[in-house]
Amino acid sequence: MADQFDLIILGSGPGGYVAAIRASQLGLKTAIIERERLGGICLNWGCIPTKALLRTSEIYHYMTHAADYGLKADNIGFDLGRIVDRSRKVAGQLNAGVKGLMKKNKVTVFEGVGALTGAGKTGGKLSVKQGDKTVELEAKHIIVATGARARDLPFAKADGNRIWTYRHAMVPTEMPTKLLVIGSGAIGVEFASFYNDMGADVTIVEMLPRILPVEDEEVSAFMDKALTKQGIKLVTGAGVEKIETGAKAVKASIKGKDGTVTTEEYSHVIVAIGIVPNTENIGLEALGVETERGHIKVDGYARTNVEGIYAIGDVTGAPWLAHKASHEGIVCVEKIAGENPHPFEKWNIPGCTYSRPQVASVGLTEAKAKEQGYELKVGKFPFIGNGKAIALGEAEGFVKTVFDAKTGELLGAHMVGAEVTELIQGYVVARQLETTEAELMETVFAHPTLSEMMHESVLSAYGRAIHF
């Protein structure tokens, strides 16, 4: 007889495991299925271990610039194996933490490959392959949280040797000497930043006219100058036409915006051109679950078109962010449990890029706001006008705010510079509370802090900036 639960979650990433905890809090008998490691891609192979790597490169950068701070640091070097080992230990520590959370919240964990085998008013069914054994499970509700994987180039699949995805780039066995990064989204720029700071000769190729194309145009332009100044070569409006892999190098043919094709040799290539949702071979087709370009279609409560089947996280489409998946999971579970949550909306999800300098944003860019017909008031304040930034030796960057001129609504905020991935949450909270410029102007910001720039940017939008 099949094991029975109120809720079963297929996948234990930041959507799945958070949903499982909330379900347990609400009194649902819950199980979670994971084929690899609890915590999913984000915790084990994405968000967390990459930040450990980037922290290493940040410290290494400061060490090589010790003289700027009146310090001496001679014979600076690094041990690549120990850098990778530290990153893996950080991921391992958090993986163990998720295991502890599952135990604490009495969530039953099934290790194996799961697939949906039934759905309907009486409940859903799942099978879990565990080696030679198959376990049958039943639940009133099933959440699909299977995430996504890196997209390969059709003509040059990642081999882990010379052509890497983010997973290979996270555990290098050798340091690239000359690195080509294909794609300039957050993943591509973060790895370019890490390897450049560690001494590699880095080139980024982007098909669109500018790097970080989803960000505000001024942020993209600033990052273009900042990364170029650091020695990274940026090739925009271009595409990689061909890759030839050799024993010790890769030849890449790049077609520029003028149509000219140039061929150059690199030690390694990182492919960061997007993701593919993990929707194959999990039983969706047989149950008639609707998908669009591979992503599962859901409503504001994560419900699919099939009763009792839900989906959250990367498998449901953009934005492909851990915090989006977590919040989506909580809304879904609360609705299942009979609570009355607000339907999930994408209007206030922050995006962060942990490069050097960092990038963070929420809401509409200036261009998007104009496209939607808003009359705008736009404020901007530079890091060079902030005492804390100057004291830190991090005086490059700016904070930009976009307001509806008629109502004072904060339509968007865009930042580039040191620690902006921490600062952005202030604007996210402001937007969630439907704060206008009046409340932000009247708020007292501590001095000296980087957050004062947030205040000054708001003041700037209304011609009232004090320190610039």
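Author: Helix 1 and helix 4 (residues 80–104) pack at an angle of about 25°, and their axes lie 10 Å apart. Angles under 35 degrees count as roughly parallel, so helix 1 is roughly parallel to helix 4. The crossing in which helix 1 passes helix 4 is left-handed. On the side of helix 1 the contact is made by Y17, A20 and I21, and on the side of helix 4 by V98, L101 and M102. Sorted by class, the contact of helix 1 with helix 4 has six nonpolar residues, with no polar and no charged ones. Please bear in mind that this is a predicted model.

The axes of helix 1 (residues 16–25) and helix 9 (residues 322–336) come within 8 Å and cross at roughly 30°. Helix 1 and helix 9 are therefore roughly parallel to each other. Their crossing is right-handed, whereas helix 1 passes helix 4 in a left-handed crossing. From helix 1, the residues V18, A19, R22 and A23 meet S326, G329, I330, V333 and E334 of helix 9. The residues of this contact divide into five nonpolar, two polar and two charged.

A further pair is formed by helix 12 and helix 14. Helix 12 spans residues 420–432, and helix 14 spans residues 452–461. The axes of helix 12 and helix 14 come within 10 Å and cross at roughly 50°. Helix 12 and helix 14 are therefore oblique to each other. Helix 12 passes helix 14 in a right-handed crossing. In this contact, L423, G426 and Y427 of helix 12 meet M454, H455, S457 and V458 of helix 14. The residues concerned divide into four nonpolar and three polar, with no charged residue.

The lining of the second largest pocket consists of 31 residues, and E58, H61, Y62, R356 and E394 lie nearest the centre of the pocket. About 870 Å³ of space lies in the second largest pocket. By class, its lining divides into nine nonpolar, 11 polar and 11 charged residues.

The structure holds one cavity of 30 Å³ or more, and about 40 Å³ of space lies in the largest cavity. The residues that line the largest cavity are T50, L53, L54, E190, F191 and F194. Helix 3 and helix 6 each supply at least two residues of this lining. The lining of the largest cavity divides into four nonpolar residues, one polar and one charged.

Terms used. Residues are numbered from 1 along each chain as its sequence is written. This is a predicted model: local features need pLDDT of at least 70, side-chain atom pairs count only at pLDDT 80 or more; totals for chains, interfaces and linings use all residues. Side-chain values use heavy atoms; hydrogens and water are left out. On a 1 Å grid over the protein atoms alone, a cavity is a set of points where a 1.4 Å probe fits but cannot get out, and a pocket is an open set with protein on both sides within 12 Å along at least five of seven lines; lining residues have an atom within 4 Å of a point. Grid points are joined across faces, edges and corners, and a volume is the space filled by probe spheres set on the points. Helices (H or I, at least four residues) and strands (E, at least two) are DSSP runs, numbered from the N terminus. Ala, Val, Leu, Ile, Met, Phe, Trp, Tyr, Cys and Pro count as nonpolar, Asp, Glu, Lys and Arg as charged, and the others, Gly among them, as polar. Axes are lines fitted to C-alpha atoms, for helices over the stretch in contact, and angles run from 0 to 180 degrees between N-to-C directions. Angles under 35 degrees count as roughly parallel, over 145 as roughly antiparallel, 65 to 115 as roughly perpendicular and the rest as oblique. A crossing is left-handed if the near helix is turned anticlockwise from the far one by less than a right angle, and right-handed if clockwise. Contact means heavy atoms within 4.5 Å.
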